[in-house]
Amino acid sequence: MKETKGEKIFYFVNTLFMILLTLGIIYPIVYVISASFSSREAILTGKVVLFPVDANLEAYKYVFADRQIWISYLNSFFYTIVGTATAMAVTILGAYPLSKSVLPGKKIITFAIVLTMWFGAGTIPMYLNYRDLGLLNTRAAIILGSACSAYNFILLRNFFTAIPRSLEEAADIDGAGQWTILSKIYLPLSLPSIATISLFYAVARWNSYFWEMIILSDDSLMPLQVVIKKLIVDLKGVAAKSDSVDLSMLKYSEETVVYASIVVSAVPMLVLYPFIQKYFVKGVMVGAVKE
Amino acid sequence: MQTSVAKKTAVPIKSRNFKKYLSLYIMLIPLVLYYVLFQYKPMYGNIIAFQDYSIFKGISGSEWVGLDNFKRFLSTPYFFRTLKNTVLLNLSLLVFSFPMPIIFALLLNEVRLKRVKSVVQTLSYMPHFISTVVVAGIVINLLSPSYGIIPMVIEKFTGTRPYLMVDPNYFRTIYTVMNIWQSMGYGSVVYLAAITGIDSQLYEAAVVDGANKFRQIWHITIPGIMPTIMTMLIMRIGNMLGSATDTILLLYQPATYEVADTIGTYVYRNGLLDADYSYSTAVGLFNSIIGLMLVWGSNTLSKKFTEVGIW
């Protein structure tokens, strides 16, 4: 195809614009990382623009010396790993039977699940429900309370529905039970989809804070996001601890510690996401196909 | 004759089917238990909206008050304020944030350097993977009047350093820009996928007819992804009233309540901080019902005019 001059200009300007836009998108993150390695003076006087100024690790030493950060880090890993495993078990075991068109009652159960996407129970009844079940301030509440997402359920059910019936008919005739068909035929065939949905659950788990903040009250149970919220959104913690110390004497400061905390909590996702993003893209594409 | 034969063979098949179904139903138990215990049981719990609920008496022992809680909400100044803010904040996202991933996808699709395209994609997804807490933290700190870089830059031009987080004039802008930043790149995935699905012959024919790039985008690409746009729009409208509470909770403060306090955050403060259970349940239920009506309404309209619907 021959290109006109106008098209050439369009392609050039468009590409340049997209590159600049992308730089704009990542700039805040670059700034936060640089600020976390800089000195307090450099931040306060606006010297930090792109690279760290007076580079030092004091803020990180402070953050990692905080026991609560480590505890909440471990808690977040626990909630993410156990929570994702639980949710996958529930989702797989639920999506498989409901992908069978012959199963009586399939329609009504599926409808009941999809309805929750548009009509939730409401914050207060949910909270009272956790209380009635005796789950307030327990790890079980975090794991069980979001043991399935309707969206992920529909995704997996669609994957399962797309698996050709002929594959299982052979096994069916051989007298294999449903558990065998699920584990020997469906699961191996849908490994990429299962990876995708596990990652959906895991990222959501790692990043969530709302119910954790409401349900949990012991510091020993808190996930990272709730601790980070207190530190960087409510801006509590650093100042309170350093009341007795003259801040100007120290290398670290409230400002740098806040930036370092942001980096520390975002790092696992920032390191992982380039590797897992292709699964997310795939999941979104399948999800976009109407059921 | 035929029926009796059918009956005779039906017995073993039926019992075999039952056994087959039985294991399927057993598999369903965890899912059904979850939805009953954690979704439908609290949904039933909404009836305390019609009670003067006391945690000591429980649902069965609490006094029924009819629509009193709803009437109370309608008579407070908060009704108008929270409804207005909920609608305005969501409209702001709908008007400014919703089209961004579409535009982003259209422009990115016209980038022909494969490497640039994939780097732009990967980097622009980054904000999606950062938690709302951290994103809000970044916003608050970059806007901090004492050390945030944005007020410092503004000071260079105007001579004064604004405290943007407490200024009601800027809350909606901050909230919308933050949403665009988080969702523009990743939100474009679904549109890029839809664009890939458009028949390339259409473009070839358009080129033969002498259509330039903009006409191709306008007459082929945009109509081609219209069903996807409509689906996303309905989903967006369906989630309009509920999904943003946790974000707003992180960004607002008493100084900005007049523009930032939504139904969701009002429920949070009254119900969870002040333990006014029945009243805030009523307010939340009011919100959910409007949300359900919105998604139903937009789906119906969309089906009528574009033949696209989510059910």
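Residues are numbered from 1 along each chain as its sequence is written, and chains are lettered from A in the order in which they are written. Local features need pLDDT of at least 70 and side-chain atom pairs count only at pLDDT 80 or more, while totals for chains, interfaces and linings use all residues; side-chain values use heavy atoms, without hydrogens and water.

Me: What is the mean pLDDT of chain B?
Reply: On the scale of pLDDT, the predictor's confidence in each residue from 0 to 100, chain B has a mean of 86. Of its residues, 92% reach 70 or more. Over residues 1–12 of chain B, however, the pLDDT is below 50. Where pLDDT is low, the predicted coordinates should not be read in detail.

Me: What makes B:Asp276 and B:Arg72 a salt bridge?
Reply: The term asks for a side-chain nitrogen of Lys or Arg within 4 Å of a carboxyl oxygen of Asp or Glu. In this pair the closest N and O atoms are 2.9 Å apart, so the pair meets the definition.

Me: Why is this pair said to tie parts together?
Reply: B:Asp276 lies in the loop between helix 14 and helix 15 of chain B, and B:Arg72 in helix 3 of chain B, so the pair joins parts 204 residues apart in sequence. Helices here are DSSP runs (H or I, at least four residues), numbered from the N terminus.

Me: Why is B:Asp276 called partly exposed?
Reply: Buried means under 20% relative accessible area, exposed over 50%, and partly exposed in between (1.4 Å probe, protein chains only). B:Asp276 has 23%, so it falls in between. B:Arg72, at 36%, is partly exposed too.

Me: Are B:Lys213 and B:Glu110 buried or exposed?
Reply: Both are buried. Their side chains meet in a salt bridge, at 3.3 Å from N to O.

Me: Which residues are linked with B:Arg269 in a network of salt bridges?
Reply: B:Arg81 and B:Asp261 are linked with B:Arg269. Between B:Arg269 and B:Asp261 the N to O distance is 2.8 Å.

Me: How many residues of chain B are in contact with chain A?
Reply: With contact taken as heavy atoms within 4.5 Å, 87 residues of chain B touch 99 residues of chain A. The count of salt bridges between chain B and chain A is zero. Helix 1 of chain B gives the most to the side of chain B that touches chain A, with 21 residues.

Technical notes: Helix = DSSP H or I, 4+ residues; strand = E, 2+ residues; numbered from the N terminus.
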